[in-house]
Amino acid sequence: MFTRQLLVLGPEAQEKLSSLDVLVAGCGALGTAILELLVRLGVGRIAVVDADVIETSNLHRTHLFTLSDVGKPKALVCAQRAMEIGSGSKVTPILDIVDETNAESLVKGRDFVFDALDNVNPRLILNDACVKNGVPLIYGGVTGEYGSAMFVSPRDTPCLSCFMEPVEQADACETMGTTAMTVSLVANLQVQMMLNAIRGDIPRGLYYVDARSLTLQAVDMKRNPSCEACSLGEYRYLKGIRMNCGLVRVNERPPAGPRPYLKRTPDGLLICYENCFKKIGR
Ligand SMILES: [Zn+2]
């Protein structure tokens with residue numbers, strides 16, 4: 001399957017790819033694009049974590065999803081479609097969100113973690129978990145026709161906490177528009193960063209892509225000496241952070257019956273598997 005790729009990468013890199021254990025956090029627009037690239041590259045083991053279900057408004061920018069998937073869990077559909085590619089990758093779905101209760105157990109032992117989340121607060125939790133456990137994190141973000149990507153090599157390069165602040169207000173849930181092309185550009189950068197890293201070239205700096213003007217810019221970034229994660233080792237987001245947007249864990253037991261159990265409530269959408277989540281602010 002990899003004959004054309006072997007001509008470029010060689011057997012040693014291909015062997016490394018097949019031995020990798022990678023986590024993709026989020027199986028939305030960025031996550032599906034990243035997942036497909038990882039599977040086609042021949043990455044050995046991939047876990048995808050997402051508790052959300054597919055909506056019609058996801059389809060325009062989301063690789064791997066079709067109209068018949070609406071209402072199904074994103075992580076399950078992601079894993080199933082990716083395995084159908086047949087490259088030998090083992091893809092495991094995890095029907096959960098990323099928060100302070102599970103972030104460390106999700107990232108421990110992974111070779112790389114891809115940040116394909118669409119919200120700053122869980123992203124800072126993921127960053128803390130990766131920096132604390134020495135796991136490289138590959139950040140990607142998309143807004144409109146702009147995007148950015150950065151490789152975080154713990155305590156070597158800057159981390160996300162060096163320059164990102166959490167969103168504190170309860171009602172700061174903005175729905176960002178984007179295009180499938182911008183999403184693909186950022187996903188490609190993120191996966192290329194992993195490929196370069198396994199060949200010994202740790203990507204440095206924040207890469208900023210502007211699809212409208214067709215430019216890619218590398219911005220030099222310095223570690224923040226007062227960063228609570230990579231400089232001070234305090235990892236305050238692992239102690240909990242208010243989730244103001246997207247999916248939150250709720251303490252409810254769903255009635256027996258098919259999963260996911262979905263129910264519209266005045267303050268959002270209740271989504272239950274073994275555990276229940278509420279989709280707020282969107
Ligand atoms: Zn830092």
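**View 1. Strands S5 and S6 of the predicted model run antiparallel.** S5 (residues 137-143) is joined to S6 by 7 bridges; strands are DSSP runs of E with at least two residues, numbered from the N terminus, and two of them pair if DSSP finds at least two bridges between them. Tyrosine 139 has methionine 150 of S6 as its bridge partner. The hairpin has 2 residues between the strands, and glycine 144 there takes a positive phi near 60 degrees. Residues are numbered from 1 along each chain as its sequence is written. Because the model is predicted, local features need pLDDT of at least 70 and side-chain atom pairs count only at pLDDT 80 or more, while totals for chains, interfaces and linings use all residues.

**View 2. Strand S6 also pairs with strand S7 (residues 206-210).** This pairing is antiparallel, over 5 bridges, with serine 148 opposite tyrosine 208 of S7. S6 (residues 146-152) is largely enclosed by the rest of the structure because 5 of its 7 residues are buried (20 or more other C-beta atoms within 10 Å of the residue's own, with C-beta atoms placed from the backbone).

**View 3. Helix H3 (residues 74-84) packs through its buried residues.** Helices are DSSP runs of H or I with at least four residues. The buried residues of H3 include Leu76, Val77 and Ala82. They pack against helix H2 (29-41), strand S2 (45-49) and strand S3 (90-94), contact being C-beta atoms within 7 Å. Just after H3, glycine 86 takes a positive phi of about 80 degrees.

**View 4. Valine 48 and its contacts.**

Key:
A residue is buried if 20 or more other C-beta atoms lie within 10 Å of its own, exposed if 12 or fewer, and partly exposed in between; C-beta atoms are placed from the backbone. Two residues are in contact if their C-beta atoms, placed from the backbone, lie within 7 Å. Lists of a residue's contacts leave out its neighbours within four places in sequence.
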